[in-house]
Amino acid sequence: FFKKLLPSKGKLPPGPTGLPIIGNLHQLGRFLHKSLHKFSQEYGPVTYFRFGVVPVITVSSKEGAEEVLKTHDLETCSRPKTVGSELFTYGCQDIGFAPFGECWREMRKIAILELFSPKKLKDFRSIREDESALLVKKVSNSAHEKPTSPVNLRKVIFTFAAGIIYRLSFGQNFCDFVDMETVEDLVLESEVNLGSVAFADFLPAGWIIDRVSGQHSKVKKAFDKLDNFFELVIDDHLKSGKIQDHSDIISVMLDMINNPTKFGPYKVTKDHLKGVMSDVFLAGVNAGSITMIWTMTELSRHPRVMKKLQEDIRAALGPNKEKITEADLEKVEYLKMVIEETFRLHPPAPLLLPRVAMSDIKIQGYNIPKNTMIQINTYSIGRDPKNWTKPDEFIPERFVDNPIEYKGQHFELLPFGAGRRACPGMATGITIVELGLLNLLYFFDWSLPNGMTTKDIDMEEDGAFAITKKVSLELVPTLHRW
Ligand code: HEM
């Protein structure tokens, strides 16, 4: 009867049958990208399901991704709001979770100008070189220890990536007044809570369950910690009295808040500033660190590739270099293939960030009604045998004489997304990843801790939006002798 009354939705994509109210929640496992991968294997590359009462389509083919991210980019470039995203981005007044509109456009414009322009990338070279030197020093100290002990690669890689991103966005002296261990815990806790599922997101009156179950207070507590931390960073900028020098994005935005008439009609507020800080703090460091960790993990599991890569790097750069420079990044073709292969198998954000249809559209011949949430499954696309031969194997050579790149033009490989909402930090992110790995692989040889074989390397995943390796990767470094 109700079906007759409601307007026809036309031909929806196929998908699992849901239950009243909870939809298909009972069929989703711990990791959404894996559950949706299973759906696509059973129902096809465009699948319809319900997350509680929220309608969702998941797209798992290169052709479908191209239709969403290119043909219908304008109609799908908004984001759905969730309890976690609203809280951690100060009411979605950031870049990553802002709905399509003026706020998103203005924040993205400021970030591109103050963080990601080619000029800024050049200006920040000294920060990257300082952090590279610190990384090599830290690992060298461990390599000199007798007996040698394994290095926790997650820790050194996080400190390296965070040192660069936070100093360039939060100020040169950032690392002097905070302790990186605390920062790492804060990033992990915030990311998990931002991506956590609240009943209020998909059930009518679900907020009551969130209050009773303690979910609401858990997320709020994590947010308060992050907010206190941001206040500390902002206070430090205000105390230094150097807002006018525009030395980082925080001083630029504080100047915009204090002198609104100087900067055009859009009124920037403290919530915008904290929203952008939240994006940089969470998105900026995690994805790059995760990429480096998965790369070192796959290299440790594939000694043939590790050996070939280190020989290739050392032949290209020559012996006994004192430090790696960014000019060296141009010479290491095989490293770029290894990173591409890692992106294919371990995209740091396998579902990108969710989109929402702003009008009725058609994807692969199916009707997608307005307000449907859209998930692009790059995890499935990277494993699709139609795009890749032997898709489950780690073979960087597949990129030899292969035009496919990760920059958003080739829809079979989308680690940074594509279209209007593609990652604005791509150039910065990839430079950090290449630089970090080049330092680790040029100066050091790596072996597994005593008694461990390649088969013992744990590949279990963890995380919410960003999917990382659950168990820390521990390897023993030896200083390379020429
Ligand atoms: C290897 C490093 C990185 C990877 C793999 C990565 C990946 C991604 C992905 C998949 C998205 C979602 C794209 C979409 O929905 O189509 C994204 C968005 C975003 N990323 Fe990155 N990212 C990286 C580095 C960075 C860095 C260094 C920053 C900032 C310092 C950054 C800031 C952002 C922001 C602000 C967005 C939201 C864009 C929007 O919605 O308009 N990312 N990133």
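**Backbone at H246**

H246 has a positive phi of about 50° although it is not a glycine, and its place is in the loop between α13 (215-240) and α14 (249-258). The model discussed here is predicted, and the protein chain averages a pLDDT of 93.

**Confidence**

- Of the residues in the protein chain, 98% score a pLDDT of at least 70.
- For the complex, the predictor gives an ipTM of 0.99 and a pTM of 0.95.

**Other backbone features**

- Most residues other than glycine have a negative phi, and most peptide bonds are trans.
- Like H246, L352 is not a glycine, yet L352 has a positive phi of about 50°.
- L352 lies in the loop between α17 and β4.
- L352 is buried, because 25 other C-beta atoms lie within 10 Å and the cut-off for a buried residue is 20 or more.
- The peptide bond that joins K146 and P147 is cis, with omega at about -5°.
- P147 is found in the loop between α8 (125-144) and β3.

**Surroundings of the ligand**

- The ligand is surrounded by 27 residues, and the closest are G284, G417, C423, G425 and G429.
- Two or more residues of this shell are given by each of the elements α6 (102-116), α15 (270-301) and α19 (426-443).
- Helix α15 supplies the largest share of the shell, namely seven residues.
- By class, the shell holds 16 nonpolar, eight polar and three charged residues.

**Packing of α16 and α17**

- Two packed helices are described by the angle between their axes and the distance between the axes.
- For helix α16 (residues 303-317) and helix α17 (residues 333-345), the packing angle is about 145° and the axes are 8 Å apart.
- On the α16 side, the contact is made by V305, K308, L309, D312 and I313.
- On the α17 side, Y334, L335 and V338 make the contact.
- The residues of this contact of α16 with α17 comprise six nonpolar, no polar and two charged.

**Strand pairing around β7**

- Strand β7 (residues 373-376) pairs with strand β2 (residues 54-59) in the parallel sense, over four bridges.
- Within this pairing of β2 and β7, T58 has Q375 of β7 as its bridge partner.
- Strand β4 (residues 355-356) also pairs with β7, in the antiparallel sense and over two bridges.
- The bridge partner of R355 in β7 is I374.

**The sheet of β3, β11 and β8**

- Three strands form an open sheet in the order β3-β11-β8, with antiparallel pairing.
- The edge strands of this sheet are β3 (151-152) and β8 (444-447), each of which pairs on one side only.
- Strand β8 and strand β11 (residues 474-479) run antiparallel and are joined by four bridges.
- D445 has T478 of β11 as its bridge partner.

Conventions: Residues are numbered from 1 along each chain as its sequence is written. This is a predicted model: local features need pLDDT of at least 70, side-chain atom pairs count only at pLDDT 80 or more; totals for chains, interfaces and linings use all residues. pLDDT is the predictor's confidence in each residue, from 0 to 100. A residue is near a molecule or strand if its C-beta atom, placed from the backbone, lies within 6 Å of it. Ala, Val, Leu, Ile, Met, Phe, Trp, Tyr, Cys and Pro count as nonpolar, Asp, Glu, Lys and Arg as charged, and the others, Gly among them, as polar. Axes are lines fitted to C-alpha atoms, for helices over the stretch in contact, and angles run from 0 to 180 degrees between N-to-C directions. Two residues are in contact if their C-beta atoms, placed from the backbone, lie within 7 Å. Two strands pair if DSSP finds at least two bridges between them. A residue is buried if 20 or more other C-beta atoms lie within 10 Å of its own, exposed if 12 or fewer, and partly exposed in between; C-beta atoms are placed from the backbone.
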